[in-house]
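Thanks for making time this morning.

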Amino acid sequence: MAQAVAASAHDAHDPHATNTGVSNFKLGFWVFLASECLFFGTLISTYMVYKGSALEGPYPAELFDIIKTTISTTVLLFSSLAMVLALHYVHEARKNLAILWLFAVIAMGGTFLVMEYFSYIKYIGYGLTIGSSTFGSSYFVLTGTHKAHVAVGMIWMAILAWRLHKGKIPPSKSDQVEVAGLYWHFVDIIWIVIFTLVYLIP
Amino acid sequence: MRVFPIWKSTVTPRLRASAVRFLPVLFLALLAGCAGEFPQSTIDPRTDFADIIHSLYVSVFWWTMLILAVVWVALTVTLLRFRAKPGDGKPKQIRGHMGLEIGWTVGPALIVVAIAIPTIQAVFATQRPISEDAMVVDVTGHRFWWEFHYPEQGVTTANELWLPVDRAITLRLSSTDVIHSFWVPMLGGKRDLNPTVTVREGEEPKVNYLYFTPRETGLYMGQCAEFCGESHAFMAMRVNVVSDAEFDAWTAGWLESRGAAIPAAPAIEGGATEEAGQEAEEAGVTLQAAASMSAVDLDPLAVQGRDIFLNQATCGACHAVQGTAAQGRLAPDLTQFGLRTSLASGIMENTPENVAAWIIDPWRFKPGANMPGTQYAMDSRIVSGTPFAWPATGLDDEQVRAVAAYLLSLK
Amino acid sequence: MSTATIEQAHAGHGAHTEPTGLWSWITTVDHKRIAIMYFLAATFFFFVGGVEALLIRIQLWNPEQAIFSAELYNQLFTMHGTTMVFLVAMPMAVAFFNYVVPLQIGARDVAFPRLNALSFWIFLFGGIYINLGWFIGAAPHASWVGYATLTSTAYSPGLNTDFWFIGLSIIGIASIAGGVNFITTIVNMRAPGMKMMRMPLFTWMTFVTSFLLITAIPVIAVALIFLGFDRTFGTVFFDPSMGGDPVLWQHLFWIFGHPEVYILILPSFGVISDIIPTFSKKPLFGYPIVVYAGILIGFIGWGVWSHHMFTTGLGPIADSFFVAATMIIAIPTGVKIFNWIATMWGGTIRFTTAMLFCIGLLAVFTVGGLSGIMHAAAPITLQQHDSYFVVAHFHYVIVGGAMMGLWAGLYYWFPKVTGRLLNETLGKWHFWTTMVGFNLTFFPMHFSGLYGMPRRIYTYSADLNVDLFNQLATIGAFIFGISALIMVWNLWHSARKGDTAGANPWEAATLEWSIPSPPHHYNFPELPVIRSREPLWNDGEREEVLAVTMLEPETEPVMPVPSYWPILLALSITVAWGLVMTGIWWVIVLGILPVFFCTLMWAFEPAFPEGH
């Protein structure tokens, strides 16, 4: 019986050990990301269904500035790199550098949002609105949902930066940052899919 | 709470036969009574389409009965044989048997194949036109009535669909508002009427189709089978399958009505005046036809009703009666209304009392109908979703009876 | 009621006394208490939905009757369906997931206890929200499937549909959170030696169902967003005049809707897979096959959605694909039924009430499954779709399948929850009145459907000659209602005065029966090592397990602390979503602020007491 107790991975003294070795928080977040895949997948599918069948313009070809959007996409991609670096420094307990790179994530995410905001203004000026056509509705709801996810991510990073500053995230608790990183990379990957299907493919 | 009789008026005297054209209707009414105890039965097929469905149903039914018997017998035998008895020891702890697993996977799989093959064949067989010569009828759904347009013949009617027997029929289905579904079970399965999606220039809007050949004359009952709002339960229809001759006579009658110019002004005795002739010409009809129509022997009540219909209540803003100034397309076409066996999309017998009751208070029978009563107006504050608005007609009972008489005189 | 009973039961177990009182329930993060709350709320909504059904049946007693208005009738059947699916069947299954799964895998709670509480409160507030319409005479009225364009502001201008889409969106969050919770729990928190293929079937089916939840609910969430935006912000997703396709709504709804029905049935399949072996004294026949069949059903269930759309005009190729996929799903379902019968075969069968409900399920679900095969044959469904034949089909599978399985689970696990047995005599009355009432209600509907009575109709013509079938159904419905009253009476009576149940009154095999009834709040003093699928049936293993699980530890394991953030966050989410109804963007944005606030406070609150 003593052996049975010793062999237990779940005894009263270590309530956080798991069957997979991955923390509940991390595993649960992966599962949540799976549901987000379906969520964005539905938005993207609807966009594809309505793509090209809008009754009136403006149409994608007239509106999209691929260069500008490539720039904003690149900025977002680099923000993922910044995220990786931030996590690296959290692991190394170098909190100031970690905070710096988190600010970089926020700044780059913010740049992306600002650039996209100006694109929205431009499109609306051309007559594309949320209700002007099926293209308008599906475009704005899809990309708008993505932008809301970016915004939430930025707030999340800011909170993490503040907690780092307060010394509340030692390397042993780096899971929080890692999970935030998962979220940020996910938002990034979704953007790559959107960028490809919405902007690049005619 | 008061309980209203919806379909039948409390008093239903027999219609008096007064014109030759009425006899087929009477005959059909009698036939309808003999159409069987279940006039919307899905297992009493009367077309090729319904036959395909029915024979598939019968075969699937027997397969399912077989499976049900196997399961229920196995269950019953097991329960009886292995119920706990005093002195029972621990039973043998069998965990599985690959042979059985294979057996009861493969067996049902074979049955599934046996069902799926004829099913898929039937799917294809029922979704192609029966012949190139099929007669097309455009069915348009509204809340809460059916519009039928015959492009080949140029006829438009509502709620009662006349079809020639033994002729291949193609129904083209669409809706102007919400999703409806055309279902006349004895003629076959149902198909949805989807709101027409506006498409780009040069593209064809998508419609749905039903294909069938009715092989027995008769009056068939059906109703809307996709929930469409408040009066979904009251959106019924009737299909009148008649001989070729009767069908041609019916379409001819419709076209003749259109050809005849009944002057918008009060009826003129004798021949047509020049004035009336000019009006008729404007309406695109011939003088000759105008003369013949005005000589028809109309009951004075009906004449009075016509005047009220056209001039006072101006029902023509929504309804059309071919051959008059009433050319509205927003509500059922009432040409040859007197030939219909039912009114208000199949929910009441077509009697003077019912027509009058309907005109006075349509919402009593069909809440949410796009029609004002004599005492109340109709607009979007009152009837959700309606783009229409019309004030109360303000007619008194006498006037209503006159209008009813007029409508029933239209044959 | 239950609190007092648990109190008394614990009194004999020593040290820790479980907190009592309303506040302790409001702030609880204990999966067992959350389960009880889910069960009580679901039972309450069952009666709400049941009254709606009885009113429907009264109106349909005679043809051409008008007991109340058509508009009220449309609201009643809409809310009956919405309530029964989202506020009864799903939460009741979740009640069982919550109580039983951690006990079956040897865990002390679920992976995310506060998230678990959040799921419950969101479900409750969402359920209340969607019913608020009743108070202003504007309950949802476009049927539980809410087809476009009927749900547009043009044809549904009032608040009815707003209550519907907002309420359902709120409830969806609860389901996704629950799915995340249970997947993580089952993957990560099994006792040592509890390999996946040693888990009880109920846990397996919870696992599959949780995957269905996290993948299917996002689809309807998006569909509801599209509908909500069309209604509130002028988008044109389903507006045909602007090129939007109303049929797109049907696709999105049913891509959710079909996995949804497997979400409804798989938990019950799991329940009876645990109960039948217990009362046959034999292990489940073909355990791996039953597991794989469940996984396969979940998987294939994603590919059959358009069998709900055979009348919409998809074309013969699409139709044929869905015919084939739908018929294929029948095969693993049949395999499970044969395996259950084979479990009983050669066993020694005890006819407890729990077992009776399992047998009832087998008899009755088969009928529903077979009418489903008929519907799968698309040309046949052109007659049966939107008729009472379909109403018969889905009630046979949902009530005769899902609900009967859950009632079996109720009789089975009630002793574990309360330490008392449900009364067997009342139980048998419950079972038989259910069988009689249910079959009398829904069997005649096959006939009214075959004879051409559509569904969702306020009244019907006397010419149809379906009066008798409707009257039989109405009588049956009242008998069924009586069975529900008997159930509640049994629950009430037995919770206070039922016979004491020990740890394992049924001599069952799985881990939840190795701990006291009711369990300590920490479930397991120490985690046992598992060596087989039936730990309590194997000599040697049974003794080793019990030696660990029935211990009274000197120091109790540390459990997560209670929290009021879940209920507060649930409230703020409900209010924030509810404000969408105003359509005023800054009001909506303001409403989101409390959501942020509560989320942050929750995140900063430690889950465990200091030092753990």
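**Domains 2 and 3 of chain B**

Across the interface of domain 2 of chain B and domain 3 of chain B, the rule finds one salt bridge, the rule being a side-chain nitrogen of Lys or Arg within 4 Å of a carboxyl oxygen of Asp or Glu. B:Arg238 forms a salt bridge with B:Glu349, with 2.8 Å between the closest N and O atoms.

Before going on, please keep in mind that this is a predicted model, in which local features need pLDDT of at least 70, side-chain atom pairs count only at pLDDT 80 or more, and totals for chains, interfaces and linings use all residues. Residues are numbered from 1 along each chain as its sequence is written, chains are lettered from A and ligands numbered from 1 in the order in which they are written, and side-chain values use heavy atoms, leaving out hydrogens and water.

The domain assignment, which is automatic or from a database, places domain 2 of chain B at 135–242 and domain 3 at 287–409, and their centres, taken over C-alpha atoms, are 23 Å apart. In contact, meaning heavy atoms within 4.5 Å, are 18 residues of domain 2 of chain B and 19 residues of domain 3 of chain B.

How much area do domain 2 of chain B and domain 3 of chain B bury between them? The value is about 1600 Å², 47% of it on carbon and sulfur atoms, counted as the accessible area (1.4 Å probe) that the two parts lose on being put together, summed over both. On the side of domain 2 of chain B, B:Glu160, B:Phe234 and B:Arg238 lose the most area to domain 3 of chain B, together 30% of what that side buries.
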